[in-house]
Amino acid sequence: MDLEATTHIAEIVSSVAVVVSLIYVGVQVRQNTRALRASTYNAVTANSIAILSPMESHPEYSEFLTRVQSDYAAATPSEKMRFHINLLMAFRHWDNLYYQFRNGMLEQEMWESYDRTMNGWLIIPAWRDWFITNAACFSDSLQDLIRLRLAAAIP
C-alpha cells in the first residue's frame, strides 16, 4: 500500500472518529440537560415547600395571613411589613419560575401548574393590589404576564 492510500484511509478513519465523537457529545449534552431540568425542578419544589411550610406548620401564621389579606387597612405596621415580605417572596418565586420556563429549564406542564397557583392568589384583592403597587420589583416579563392575567379577569 502506498503513502497516498494510507493517507486516504487515515482521513476516512479520522472522519468516522469525528462523527462518533460528535454523537457522543450530543448524547452527553442531552443527558446533562435532563439532569439540569431535574435539578431545577427539585430546587423549585424545595423553594415552594419552604414558602408554604409556615402556613401549614404555624397556625398563627395562617391566621395572620388570612386576617391581613382580608382587611389590610386594619393591619399594624409590623403586620403590613410581614405581609409585604411574604408577597415579595411569593412573587419573586414566580418570577424565577417564569424565567426558568422561558429559558427551557422548566417544562410547560410544570409552569402551567405554578401559573394556575399564581392566578389563584391573584384573585385575592390584597395580593392583586400589592402586586400592582410593587410590580417594579419584578422582571418586565412577569409584570407583562400578570397584567395580562389581571386584564383578562376584568369583565
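Start with the largest nonpolar core of this predicted model. Of its 28 residues, select Phe83, Phe91, Trp111, Met118, Phe131, Leu142 and Ile146, which touch the most other members. Next, colour the helices that each supply two or more residues to this core: H2 (59-70), H3 (77-102), H4 (108-122), H5 (125-134) and H6 (140-153). H3 provides the largest share, seven residues. As background, nonpolar side chains in soluble globular proteins tend to be buried together.

**Stop 1: Phe83**

Keep Phe83 selected and show what surrounds it. Setting aside residues up to four places away in sequence, Phe83 touches Phe64, Leu65, Val68, Gln69, Tyr72, Ala126 and Trp127.

**Stop 2: H2 against H3**

Two packed helices are described by the angle between their axes and the distance between the axes. Show H2 and H3: their axes cross at roughly 100° and come within 10 Å. H2 is therefore roughly perpendicular to H3.

**Stop 3: H5 against H6**

On H5, pick Arg128, Phe131 and Ile132; on H6, pick Leu142, Gln143, Ile146 and Leu150. These residues make the contact, which by class has five nonpolar, one polar and one charged residues. Phe131, Leu142 and Ile146 were in the opening selection, among the core residues that touch the most other members.

**Stop 4: Phe138**

Follow the chain into the loop between H5 and H6 and select Phe138. Is Phe138 buried or exposed? Its relative accessibility is 4%, so Phe138 counts as buried, the cut-off being under 20%.

What is Phe138 in contact with, leaving aside neighbours within four places in sequence? Show Leu88, Phe91, Arg92, Asp95, Trp130, Phe131 and Gln143. Of these, Phe91 and Phe131 are in the opening core selection, and Gln143 takes part in the contact of H5 with H6.

To finish, draw a distance between the C-alpha atoms of Phe138 and Asp95. These residues are 43 apart along the chain, and the C-alpha atoms are separated by 6.7 Å.

Terms used. Residues are numbered from 1 along each chain as its sequence is written. This is a predicted model: local features need pLDDT of at least 70, side-chain atom pairs count only at pLDDT 80 or more; totals for chains, interfaces and linings use all residues. Side-chain values use heavy atoms; hydrogens and water are left out. A nonpolar core is a set of buried Ala, Val, Leu, Ile, Met, Phe, Trp, Tyr and Cys residues joined through side-chain atoms within 4.5 Å. Buried means under 20% relative accessible area, exposed over 50%, partly exposed in between (1.4 Å probe, protein chains only). Helices (H or I, at least four residues) and strands (E, at least two) are DSSP runs, numbered from the N terminus. Contact means heavy atoms within 4.5 Å. Ala, Val, Leu, Ile, Met, Phe, Trp, Tyr, Cys and Pro count as nonpolar, Asp, Glu, Lys and Arg as charged, and the others, Gly among them, as polar. Axes are lines fitted to C-alpha atoms, for helices over the stretch in contact, and angles run from 0 to 180 degrees between N-to-C directions. Angles under 35 degrees count as roughly parallel, over 145 as roughly antiparallel, 65 to 115 as roughly perpendicular and the rest as oblique.
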